Amino acid sequence: MDGLVCPLEVSVSSGSIQVARGQTAVLPCTFTTNAALTNLNVIWMVIPLSNANQPQQVILYQGGQIFGGAPQFYGRVGFAVTMPTTSASIFINNTQLSDTGTYQCLVNNLPDRGIRNIGVIGLTVLVPPSVPLCRIQGSLDVGSDITLTCSSEEGIPRPTYLWEKLDNVPRLPPTATQDQVQGTVTLRNISTVSSGLYQCVASNAIGTSTCLLDLQVIAPHPRSIGLIAGAVATGAVVLVVCIVLVAVALFYWKNKHKEEEEEEIPNEIREDDLPPKCSSAAKTFHADASSSENDTLTSSNTYNSRYWNDPKANHATDSFTRFSNSNDAHQPPFSRSGSTSARPVYANGGHPSPAPPKTLVVTASTAPSPQEVIRSNGSVSRKPRLPHTRSYAVSQATLERIGAVPVMVPAQSRAGSLV
C-alpha cells in the first residue's frame, strides 16, 4: 500500500559460527525495508569473550561511506557485498583467538523504523592443540610406580589425551590407569617389559597433536642385589645381637636384684631399743630355772657383739668376775695367749679402768645336799640349803678355741618390732 511505512526487520541465518584460528569467518546479517537505501546506517559491535564489560566497534557504514572500528580489526574486516544493499554481512580475515565473542548487527534506514533492527551472532575461534609435552614422574627402577603426563599449552576447545604403547599389544598394560582429561597414565610395579616407546595424542574438534616418550626401565645390577642382600643380612645380625645383649643384661640385673633382696631380708632385724635390765632376783630365778641339780653352766646372754663390748649391760654395777662366796679366790679372765693378767676394777667410782677385753659372763649353780634336822618327837627332817651361785668370765678367744658359735636371737620390743 502506497503512503504506509513498513517496519524494518533484521535476521541472521545462524546463531553461532566456529572457525579455526587463521581462517576467514563470515558473519551473516540481512534486513528488509521498503524505503530507499539513501539513508542506510549499519553498525557492527562486538562484546569480547575476554572482556564482556567493554563492547568494541567492528565496522560502520553511514552516508555511503565505510569506517573502521577497533585497532585490532584494522585491515581484516569488511562488508561481504558492496554497500548499500540489504545484506549487511561482514567477513573477518586471519581470525585470532581474541576475535571470539558476541557480535551485533544494528541497521537503521529512515523513514522505516524497525522493531527488530538488531541481529546477534556468536563467533568462536577454534585453536588446535599445541604440541604436547610428555614427562615421566617417578623412579625408573624395577618395581616402582610411575606416571606419564601429557599436556598442551593451547587448545580450544580443551583437548583430550590418549596414551598408547606403539610396540605392544594391547596398547597399555592391563594394570595401567589412564585419565584422558588430565592426560596422565599410571604404570604400577614396572618391569623391563614395561620399557618401550609411548605416544600421547592430544585432540579437539579441529586438530590433533602428538608427542613420543621412550621409557627405559632400569634393571638392578647383580652387584647391587648382593650389596642389598648383604646390608639386610648385616642389619638382621646386628638386631639379633642387640636382642641377645639386652636379654643377658636383663637376666643379670634380675639375678643381682634377687641376690640383693635375699641379702637384705636378714638385715631387716634391727635394734630399736635396748632390752630392759634384769634385777638380781630375776637373774637368780633365771639361773635356777635353767640349771640342773648338779653344776650346770647357763649363759646369761647370747653370744652377741654388743654384750661382748659392754658386759655391764647384763650385770649392772657388778665387777667383771663375781663370786657368791667371799672365801673363793678371784678368777681372772682368760686371754688369747693363755696368760692371765689382773686388771683393777673400782667399785667406788674411782678412775676408769682401761677398756676390758671381750668376755662372757657365765653363772654356775650348785645345789648342796639338804641338812638333816632331828625334831622333838624323834623324827628326822631335811632342811633344804640355798644353792650357791658362781659367775665366771670367759674371754672371746677361749670361746673361739672351744668351738663356740655366735648366735643372734631376735627379741621383741615394746613397740612390737624386732630388735
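Guide: What follows takes the disulfides in turn, then the cores, and then the aromatic pair.

The model is predicted, and the structure holds three disulfides. When the bonded cysteines are numbered in sequence order, the pairing reads 1-2, 3-6, 4-5.

The pair 1-2 is a disulfide between Cys29 and Cys105, with the sulfur atoms 2.2 Å apart. The angle about its S-S bond is -80°, and the link of Cys29 and Cys105 is left-handed. Cys29 lies in the loop between strand E3 (25–27) and strand E4 (30–32), while Cys105 belongs to strand E10 (residues 101–109), so this bond ties together parts that are 76 residues apart in sequence. Cys29 is buried, at a relative accessible area of 0%, and Cys105 is likewise buried, at 0%.

A further disulfide joins Cys134 to Cys211, with an S to S distance of 1.6 Å. This pair links distant parts of the chain: Cys134 is in strand E12 (residues 133–137) and Cys211 is in strand E18 (residues 207–215), 77 residues apart. Cys134 has a relative accessibility of 17% and counts as buried because the cut-off for that class is under 20%. Cys211 also counts as buried, at 8% relative accessibility.

The remaining disulfide joins Cys150 to Cys200, and here the S to S distance is 2.0 Å. The torsion about the S-S bond of Cys150 and Cys200 is about -90°, so this disulfide is left-handed. Cys150 lies in strand E13 (residues 146–151) and Cys200 in strand E17 (residues 196–204), so the bond ties together parts that are 50 residues apart in sequence. Both Cys150 and Cys200 are buried. Another cysteine, Cys242, counts as partly exposed, at 40% relative accessibility.

The nonpolar cores come next. The largest nonpolar core has 29 residues, of which Leu27, Val42, Trp44 and Tyr103 touch the most other members. At least two residues of this core are supplied by each of strand E2 (16–20), E3, strand E5 (40–48), E6, E8, strand E9 (90–92), E10 and strand E11 (118–126). The largest share comes from E5, with four residues. What does Leu27 touch, not counting residues up to four places away in sequence? Its contacts are Ile17, Trp44, Ser89, Ile90, Ile92, Tyr103, Ile121 and Leu123. A second, separate core of 17 residues includes Cys150, Tyr161, Leu213 and Val217. Cys150, joined to Cys200 by a disulfide, is therefore also a member of a nonpolar core.

The aromatic rings complete the account. The structure holds one aromatic pair. Its partners are Tyr61 and Phe79, arranged edge-to-face, with 6.3 Å centre to centre and 80° between the planes. Tyr61 is in strand E6 (residues 56–62) and Phe79 is in strand E8 (residues 77–79), so the pair ties together parts that are 18 residues apart in sequence. Tyr61 counts as buried at 5% relative accessibility, and Phe79 is buried with a relative accessible area of 9%.

Conventions
Residues are numbered from 1 along each chain as its sequence is written. This is a predicted model: local features need pLDDT of at least 70, side-chain atom pairs count only at pLDDT 80 or more; totals for chains, interfaces and linings use all residues. Side-chain values use heavy atoms; hydrogens and water are left out. Rings of Phe, Tyr and Trp (its six-membered ring) pair if their centres lie within 6.5 Å; planes under 30 degrees apart count as stacked, over 60 as edge-to-face and the rest as tilted. Buried means under 20% relative accessible area, exposed over 50%, partly exposed in between (1.4 Å probe, protein chains only). A disulfide is a pair of cysteine sulfur atoms within 2.5 Å. A nonpolar core is a set of buried Ala, Val, Leu, Ile, Met, Phe, Trp, Tyr and Cys residues joined through side-chain atoms within 4.5 Å. Contact means heavy atoms within 4.5 Å.
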